[in-house]
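Hi everyone, thanks for making time for this. I'd like to walk you through one model, so please have a look at it with me.

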Amino acid sequence: MSPLPDRLSAARLPARPAVPPAAQLRRAAYAAYQAARVAWYAGHYALAYRSLAAMGPPPWPVGPVPDRAELMRDLLRLFRRDLAAMEAGRYRAPLPPPQPGLALRRSALFRRDLPAVDRRRQARDVVAKAEDPALAALPPYYRQNFHYQSGGYLTAESAELYDMQVEVLFTGAADAMRRQVLPDLHRALGGRPQRGLRLLDIACGTGRFTAALKDNWPGAQVTGLDLSAAYLDHARRRLGARPRLHWQQGAAEALPWPDGHFDAVSAVFLFHELPPKVRGQAAAEMARVTRPDGRIVLVDSLQKGDRPAWDGLLDLFPHGFHEPYFRDYARSDIASLFARHGWHPQTVETAFLSKGFVFSRKG
């Protein structure tokens, strides 16, 4: 006998809509792609964890940390959100074909660099050494071995390793986290002719988010700016020649464009690596070069209190990696940096270990 009343048990529940075979195939491909990435990068994370000597607890209190199961559940939520956005047409995120040769080469470079990283961590050696005298003109805050990685952001070898290191840190989730601000940007720019759009990606590094902008606004003029000539060269080679894609060496705190030049300005994983004073200068410059009806987009780390049960991760990160400005960033009020220039958060959302801001003049 059914435990439900007769009239309910007799009612016909609405059937779930059938998923077309093509969509099923795309979902299976996405799941396989992300599963392979997570396994690959998690394996390298475990290797690094075993290879690097323990540093002891940090000299400041450490809050609660999530267990591995909770992290994996949230990682899966990120991937579901990413896939749903792609299926809804909110952004394009082409899955690159497998490149086993490139993956193996970067794995070898990553493993080869671990002993040098470990020596640097134990000695607290944070000054990036490079022979090019032109590097002396770069800001002092930038000439460091961020993450204890060899060469800091100054060398071609570092640029070759960077994407591997970031994905190992985030267990293959970095690109998906970067993409979560794209739907809001699409809503803001959707009605504008692409040929008239100018988009700027500040601290573009190897060009991961710059590529996402160009993939989603192929007709727009997209510019990637970075302080590192080596990283810009890497981005040029990786993305190749594309119409209306430009590269510019320069600093976020001194942008070489007139007021209101861009329809949208982005900065991904930049603000936590800036000293507080420079962070404010960068916000002012981003506000200055963005049109009043445009958007400013930031993606960066979670901050203290965003997920209180994860605050310990933010306490441990700057201790295990060389991130001299992270603790200040984690406690700072990012919105206030832009509010003083008339820009206010339209959306603020967390996604796994990241936090995305989209600012507008209206708020």
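Let's start at a hairpin. Strand 6 and strand 7 form a hairpin with two residues between the strands, and there Phe352 takes a positive phi near 55 degrees. Before I go on, a word on where this comes from: this is a predicted model, where local features need pLDDT of at least 70 and side-chain atom pairs count only at pLDDT 80 or more, while totals for chains, interfaces and linings use all residues. Residues are numbered from 1 along each chain as its sequence is written, and side-chain values use heavy atoms, with hydrogens and water left out.

Strand 6 and strand 7 (residues 354-360) run antiparallel and are joined by seven bridges. When I say strands or helices, I mean DSSP runs numbered from the N terminus: E with at least two residues for strands, H or I with at least four for helices. Two strands pair if DSSP finds at least two bridges between them.

Asp226 has Gln249 as its bridge partner in strand 3. Axes are lines fitted to C-alpha atoms, for helices over the stretch in contact, and angles run from 0 to 180 degrees between N-to-C directions; contact means heavy atoms within 4.5 Å.

Next, two helices. Helix 2 (residues 21-51) and helix 5 (residues 156-169) pack at about 90 degrees, with their axes 8 Å apart. That makes helix 2 roughly perpendicular to helix 5, a term for angles of 65 to 115 degrees. Helix 2 contributes Arg37, Trp40, Tyr41, His44 and Tyr45 to the contact, and helix 5 contributes Met164, Glu167, Val168 and Leu169.

On to the aromatics. How many aromatic pairs does a search of the whole structure find? It finds 15, counting rings of Phe, Tyr and Trp (its six-membered ring) with centres within 6.5 Å; planes under 30 degrees apart are stacked, over 60 edge-to-face and the rest tilted. Tyr153 and Tyr162 have ring centres 5.9 Å apart and planes at 70 degrees, so this pair is edge-to-face. Both Tyr153 and Tyr162 are buried, that is, under 20% relative accessible area with a 1.4 Å probe, protein chains only.

For contrast, look at Phe271 and Phe338: with centres 6.0 Å apart and planes at 15 degrees, the pair is stacked. Phe271 lies in the loop between strand 4 (262-268) and helix 10 (276-289), and Phe338 in helix 13 (residues 334-339), so the pair ties together parts 67 residues apart in sequence. Phe271 and Phe338 are buried as well.

How values were computed. Buried < 20%, exposed > 50% of the residue type's maximum accessible area, 1.4 Å probe, protein only. Parallel < 35°, antiparallel > 145°, perpendicular 65-115°, else oblique.
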